[in-house]
Amino acid sequence: MSEKPVTGERRVFMTGNEVCAWAALAAEADIMYGYPITPQTDIMQYWTRLAPKFGRKFLQTEDEISAGFTTIGGVLAGKRAFSATTGPGNVLFQEPMSMAEMMRIPTVVIIPQRGGPSTATVIYSQQEVTMTAFGGNGEGFRIVYSTAGHQDLYDYTIKAFNTAWKYRFPTFVLGDGYQAKMREPLTIYDPAQRGIQMVKTEPLVGLEGTPGRDRPTQYLRNTYNTEEELYEVVMEIARDFEKAAPEIVEWQDFDTDKEMDVLILAHGVVSRSAQGALPLLREQGIRAGHFRPITLRPMPEEQMRRAAAKAKRILVVESAYGQLLKLVQQSLYGLAKPIDTLLRPGAGVTAEEIADQVKEGR
Amino acid sequence: MAIRMVLAGEGGQGVQIIANILAESANAEGKEAIYIPNFGVEQRGGVSIAFVQIDDQRINSPKFPKADIVVALSNRAVNRTRQYVDGRTTFIYDNSLVAAAEIGAKVMGIQAVEADPRSQRQTEAVDDSKKRDQVELPGEAANIIGIPANDIAKNELHPRVFNIIVLGTLLKATEVVPLDRIKEAIEEKLGDKFAKNQALRELNYKALDKGMSLVDRLV
């Protein structure tokens, strides 16, 4: 029952949703809570098929609000708990995730983005960036990893549990419908054999002993009476978040070590198209680089600015109508660089289209 | 070398299975491969479409503008895949299913499609369904291969191996993956069923051979 689901390393060829289920198993996740929605449902289906073999659990709830709150409940009980949702389901998740922000509850949620607004498509988009990073009635004290493919899905799903439990912020793995449904090769591995130790979990309620006598009192609150009280609490969370940010931020850059005619900014699966555009542009004598933020929250601002400073102009590419763009503008504020865009809400972007846009923008 | 493929047909024709077999055999061959099934609302009563890419290097974007190989197994599939065809594309279709208009007779087809149907309504006495159902093949393709896979499957083998015949033709015409790998992938997919019924294996291999015999040159 308790044998390791993944031993050693092996190359596999599977869908992204299946990858997420394997990654959660390898990360020693105890329980998944969820409510079905395309293109996320297969994560639940793979998990329910695999989990019982390794003594893990699953609870299907009546909706996404409940899925979010039960995930919080699992974490409060000291379990490495996670969920997965997307689109309209992600909208409903915002209430529980605000609570997780306020009470510093290390939930992990996998989001294979679908098209929006509203029901829209069940296929693909990058339109849940703002919601995943800043949704709810809070300040966006969350950690968001934007994955670009199956190896990322495996690596960052495992990492999300550790980041969440180490820093105690709700953590998200932001994928998309393409990554969820497509098959491509990757290497799955036992985290321990790569030197990745899972951060120990512990219950946040129901602790032994009398509060105030045997142990410090646990204050798990999301309700406050005065402005001053709330202000203190939120500012403390803000300070913790700012302090942790430099340790959390992740990025990748490509050909950004020299002066560039253009720096292409893209995240997630679109980053792959940007990487594919670089050789196409090089053939045409255009010096192009690419910067990919892996964490969208916190954003690797300093690193992005450093790359952008070396470019004559910026091109922001995303499958949304300016959600990454806003974060980029915020990060690069004060840097006098023209910003061109290729915004394709709910639609994929190919390397060829990015290369064409660069040529047009010259 | 990168190979990009689009396969499309009606639900139940088995294009997703062929796509999956192609991608898995390429992966088994040690190549990089990506397979995206369509899974939109189209799945319910629409054209089923699959995107496959095979490369020696890591593949960038999962989607692509033009394909090296396009397989279309119904009239609607021809129309749905037209956007992926250019001067380098090998276009494979089932000529026992797709009612192709003469490529030279483009004008006829356009008139039938573009005219306002209300002004064109025929009296019941005139049956023009044959003409209306015709679809124009993408004339810009580098190669167009028509095979009567559906008829052969129905008359000579079994309707269920229709897609394997198509796969055979695709392999023969393009050599995109070695035949042995394809057989391994089929074995992996259907091994359980083969174990129970040996005749099934033979039927599938026969379909593969038949498909390969339908085209005699490498494009």
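Buried here means under 20% relative accessible area, exposed means over 50%, and partly exposed lies in between (1.4 Å probe, protein chains only). Helices (H or I, at least four residues) and strands (E, at least two) are DSSP runs, numbered from the N terminus. The model is a predicted one, in which local features need pLDDT of at least 70 and side-chain atom pairs count only at pLDDT 80 or more, while totals for chains, interfaces and linings use all residues. Residues are numbered from 1 along each chain as its sequence is written, chains are lettered from A and ligands numbered from 1 in the order in which they are written, and side-chain values use heavy atoms, with hydrogens and water left out.

Strand β14(A) belongs to an open sheet of 5 strands with mixed pairing, in the order β9-β11-β10-β13-β14 (chain A); two strands pair if DSSP finds at least two bridges between them. The edges are formed by β9 (251-254) and β14 (339-343) of chain A, each of which pairs on one side only. From one strand to the next the twist averages 20°, where axes are lines fitted to C-alpha atoms, for helices over the stretch in contact, and angles run from 0 to 180 degrees between N-to-C directions. Strand β13 (residues 311-318) of chain A pairs with β14(A) in the parallel sense over 5 bridges. Within this pair, V316(A) stands opposite T341(A), and V317(A) stands opposite L342(A).

Helix α11 (residues 323-331) of chain A lies across β10, β11, β13 and β14 of chain A and runs at about 150° to β13(A). Helix α9 (residues 269-283) of chain A touches β9, β10 (260-265), β11 (288-293) and β13 of chain A, and its direction makes about 170° with that of β11(A).

R344(A) is located in the loop between β14 and α12 (351-361) of chain A. R344(A) counts as partly exposed because its relative accessibility is 28%. Leaving out residues up to four places away in sequence, R344(A) touches E318(A), S319(A), A320(A), V349(A) and E353(A). A polar atom of the R344(A) side chain lies 2.9 Å from the backbone oxygen of G348(A). R344(A) and Y321(A), 23 residues apart in sequence, have a C-alpha to C-alpha distance of 6.4 Å.

A further open sheet in chain A has 7 strands in the order β3-β2-β4-β5-β7-β6-β12, again with mixed pairing. Its edge strands β3 (57-60) and β12 (295-297) each have a single partner strand, so one side of each is left without a neighbour in the sheet. Neighbouring strands are turned by 25° against each other on average, direction ignored. Strands β2 (residues 31-34) and β4 (residues 81-84) of chain A pair in the parallel sense over 2 bridges, with A81(A) as the bridge partner of I31(A). Helix α6(A) packs on this sheet, touching β4, β5 (108-113), β6 (143-146) and β7 (171-176) of chain A, and its direction makes about 160° with that of β7(A).

The largest nonpolar core has 60 residues, and those with the most contacts inside it are W47(A), F82(A), Y154(A), I158(A) and F161(A). A nonpolar core is a set of buried Ala, Val, Leu, Ile, Met, Phe, Trp, Tyr and Cys residues joined through side-chain atoms within 4.5 Å. Helix α6 (residues 150-167) of chain A gives the most to this core, with 9 residues. I158(A) touches A23(A), A26(A), A27(A), Y189(A), P191(A), I196(A) and M198(A), not counting residues up to four places away in sequence. A second, separate core of 43 residues includes F13(A), A26(B), I145(B) and F162(B). In helix α2 (residues 41-50) of chain A, 7 of the 10 residues are buried, among them W47(A).

In chain B, helix α6 (residues 162-174) is mostly covered, with 12 of its 13 residues buried; F162(B) is one of these. Just after α6(B), E175(B) takes a positive phi of about 50°. T90(B), found in strand β5 (residues 90-94) of chain B, is buried, with a relative accessible area of 6%.

Notes. Contact = heavy atoms within 4.5 Å. Polar contact = N/O pair within 3.5 Å; in protein donor to acceptor, adjacent residues only side chain to side chain.
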